[in-house]
Amino acid sequence: MLDLERQYKPLRQELLNAIGQVIDHRQFILGEEVAGFERAAAAYLGVAHAVGCSSGTDALWLALAGAGVGSAGTVSQGRAGMTVVTTPFSFFASVSSILRAGATPAFADIDPSTFNLSPAAVEKVPDSERGAGAKAILPVHLFGQCVDWGAFSRIGRERGLKLIEDAAQAWGAEWEGKKAGGLGDAAAFSFYPTKNLSAAGDAGMVTTNSAEIAERVRMLRQHGMRQHYHHEELGWNARMDSFQGAVLQVKLKYVDAWNEARRALAARYEALFKKAGLAESGAYPERGVVLPREAKGARHVWHQYVIRAPRRDALREFLTAHQIGSQVFYPIPLHMQQALTGLGYKEGDCPEAERAAREVLALPMFPELREEEQKTVVAAIAEFYS
Ligand SMILES: Cc1ncc(COP(=O)(O)O)c(C=O)c1O
């Protein structure tokens with residue numbers, strides 16, 4: 001699925017030099033490398049503020065709490081009952097962060113063509129969930145493609161809802177020329193080692209154009225203090241370490257080239273599947289596979305290349321037997337996760353997400369993937385369906 005050695009080998013000396021500087025000054029947490037990366041990231045994304053933190057999961061919690069969603073930060077002042085509408089088809093952190101912020105998630109189904117939260121489905125969430133108590137929408141730019149931001153910004157404006165982007169998988173992705181991370185009230189990024197821009201460990205970031213939210217996030221990531229041992233709010237330890245800041249500063253210089261390489265690989269997969277006569281034109285797979293598409297208005301950065309496949313589990317076993325990596329993101333939709341049974345959802349509540357969970361398969365996708373490897377993947381899939 002991913003060979004990180006191909007990324008790290010050419011960068012080895014540059015990374016060691018950057019890490020060496022941290023060892024020399026020994027300001028291991030929130031050091032100059034973190035501040036430097038925050039400045040560079042804000043400039044890259046075109047946002048006013050970027051705040052480094054310990055993970056994408058913490059970034060989501062910080063973004064929600066910083067934007068005043070839920071009761072986190074303040075030791076419940078009667079604000080529990082706030083609802084945040086989100087997608088059932090994402091990584092668990094997209095929803096656990098809402099609960100951890102002291103709010104209640106409400107799920108709306110996905111758009112089958114992009115796997116992203118559907119604005120039309122969000123509008124159908126009953127008023128009891130979306131109405132008086134609703135405070136925010138948390139759409140996820142899944143697999144590296146922005147949600148339909150035009151529609152979400154209209155819904156947010158009309159209903160007075162905050163918009164918090166889960167941009168964990170979307171570093172460098174754009175909506176109508178504007179980068180993910182600068183679209184909503186606040187956004188969360190993950191630099192988990194498999195991401196398009198990745199740390200050598202756990203790290204994350206909150207971005208926002210609001211000075212007020214940025215200030216609050218900086219305080220919350222450091223136990224709610226501006227001044228040592230004066231705790232204004234109930235924060236947490238969610239700081240970024242300087243080694244990660246150093247690594248991320250180095251890698252930021254290369255991320256555009258890596259994202260371009262991913263786009264070229266996606267185009268080649270599409271050409272190879274079409275040439276093999278395997279690509280279906282409909283929304284769901286019948287005999288061939290449904291290829292992922294770039295939506296109008298979106299600039300996809302292909303964090304994952306996810307097809308829909310008939311007999312998906314058998315195909316995956318076949319690929320594994322041929323030593324070809326693949327992954328299922330995500331096999332169980334969030335509304336059906338055991339940990340969330342208390343929310344009261346059941347099978348059938350989000351049929352598109354449930355169908356996607358049965359059909360999706362992510363194929364190898366990383367900037368250094370080779371043409372002959374892609375040909376091997378497509379040839380193996382052709383063999384399976386023959
Ligand atoms: C959509 C999404 N949200 C949140 C996260 C959480 O990020 P992290 O693993 O850095 O905590 C991830 C990462 O896996 C993710 O893919």
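Visitor: How much space lies in the largest pocket?

Guide: On a 1 Å grid over the protein atoms alone, a pocket is an open set of points where a 1.4 Å probe fits, with protein on both sides within 12 Å along at least five of seven lines; lining residues have an atom within 4 Å of a point. Here the largest pocket holds about 510 Å³. This is a predicted model, where local features need pLDDT of at least 70 and side-chain atom pairs pLDDT 80 or more, while totals for chains, interfaces and linings use all residues. Residues are numbered from 1 along each chain, and side-chain values use heavy atoms, without hydrogens and water.

Visitor: Which residues are closest to the centre of the largest pocket?

Guide: Of 27 lining residues, those are Gln169, Tyr192, Thr194, Lys195 and His303. Helix α3 gives the largest share of the lining, three residues. By class, 13 lining residues are nonpolar, 11 polar and three charged.

Visitor: What about the second largest pocket?

Guide: About 180 Å³ of space lies there. Its 14 lining residues include Gln323, Gly325, Pro364, Leu369 and Glu373, the closest to its centre. Helix α13 (residues 371-385) supplies three, the largest share.

Visitor: Which residues does Tyr305 touch?

Guide: Contact means heavy atoms within 4.5 Å. Leaving out residues up to four places away in sequence, Tyr305 touches Ala266, Tyr269, Glu270, Phe273, Leu291, Pro292, Leu361, Ala362, Leu363 and Met365.

How values were computed
Grid points are joined across faces, edges and corners, and a volume is the space filled by probe spheres set on the points. Helices (H or I, at least four residues) and strands (E, at least two) are DSSP runs, numbered from the N terminus. Ala, Val, Leu, Ile, Met, Phe, Trp, Tyr, Cys and Pro count as nonpolar, Asp, Glu, Lys and Arg as charged, and the others, Gly among them, as polar.
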